[in-house]
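Try each task yourself before reading the solution.

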Amino acid sequence: MRIDIVSIFPEYLAALDLSLVGKARVAGLLDLRVHDLRDWTTDRHRTVDDTPFGGGAGMVMRPDVWGQAIDELTATGPAHLVVPTPSGATFTQRTAEALATEDQLVFACGRYEGIDARVAEHYRAAGHRVSELSIGDYVLNGGEVASLVMVEAVARLLPGVIGNPESLVEESHGAAGLLEYPVYTKPPVWSDLEVPDVLLSGHHAKIRRWRRDRALEKTSARRPDLIAALDASTLDKHDRAF
Ligand SMILES: NC(=S)c1ccno1
């Protein structure tokens, strides 16, 4: 997969050189490129914004500059344009799974009051998939942090990035559709708190059942909406599997 991220603060994306995503790039599992939007400007001040039509506070990012950038970055084939915005559809694990199947993602990091609406409109009309996505109901100063979040969520799903793909199944919001059960490691007693006996029993069926019950318990308490979204067959599968 190729991922392009365009920003006026490319250094914001330096975190993607680190840890699992950084290792995946070095290993060739992910072709991730970060670009400075100002490289597509043509004036001496490298201007990327202007005042909003209709008035109002702040500045709007110009469509012509974004158009030059996205045209160049999508020239090699069908790319999915992702625009992080608080007015977008909610980004979830299911969204990450869908984006992880794409050949190329282009993240357009808006700043100021956002990107001229015609950019998304133009690329939809040109046949590109365009997703305006929000990582939550709050406002950031730009799309860079949201892009970091979404790129990490997508990249970790790519083959070879996570050491043990099995761990993707039982983690929160994974295939099981639940929040993850509580996890423990050595020492067996810490701060007068003991690890649950069943986890020390070596009885794998009981451990699976205990984990399933804790996952259901936690999900029911914290995210009853996820329980409601599970169809009966999934819940039944939980009973059969644990
Ligand atoms: N909530 C999101 S994705 C966002 C982007 C910019 N500001 O907020």
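**Exercise 1. Trace the open sheet: in what order do its five strands lie, and which are the edge strands?**

Solution. Begin with the order, which in this predicted model is E2-E1-E6-E5-E7, with parallel pairing. Next, look for strands that pair on one side only: these are strand E2 (31–36) and strand E7 (129–134). Finally, follow the twist, which averages 25° from one strand to the next.

**Exercise 2. Find the partner of Pro84 in E7, and the helix that touches both E5 and E7.**

Solution. Start with strand E5, residues 80–90, which is joined to E7 by seven bridges in the parallel sense. Within E7, Leu133 is the bridge partner of Pro84. The helix to look for is H4 (residues 118–125), which packs on the sheet and touches E5 and E7. The direction of H4 makes about 145° with that of E7.

**Exercise 3. Decide whether Glu144 is buried or exposed.**

Solution. First locate Glu144 in helix H5, which covers residues 144–155. Then check its relative accessibility: the value is 0%, so Glu144 counts as buried, the cut-off being under 20%. Now list its contacts, leaving aside neighbours within four places in sequence: among them are Ser7, Phe9, Tyr12, Cys109 and Arg111.

**Exercise 4. Step back to the whole chain: what are its domains, and what distance separates their centres?**

Solution. The chain is divided into domain 1 (2–155) and domain 2 (174–241). Taken over C-alpha atoms, the centres of domain 1 and domain 2 are separated by 37 Å.

Note on methods. Residues numbered from 1 in each chain as written. Predicted model: local features only at pLDDT ≥ 70, side-chain atom pairs only at ≥ 80, totals over all residues. Heavy atoms only, no water. Helix = DSSP H or I, 4+ residues; strand = E, 2+ residues; numbered from the N terminus. Buried < 20%, exposed > 50% of the residue type's maximum accessible area, 1.4 Å probe, protein only. Contact = heavy atoms within 4.5 Å. Domains from an automatic or database assignment. Pairing = 2+ DSSP bridges. Axes fitted to C-alpha atoms, helices over the stretch in contact; angles between N-to-C directions.
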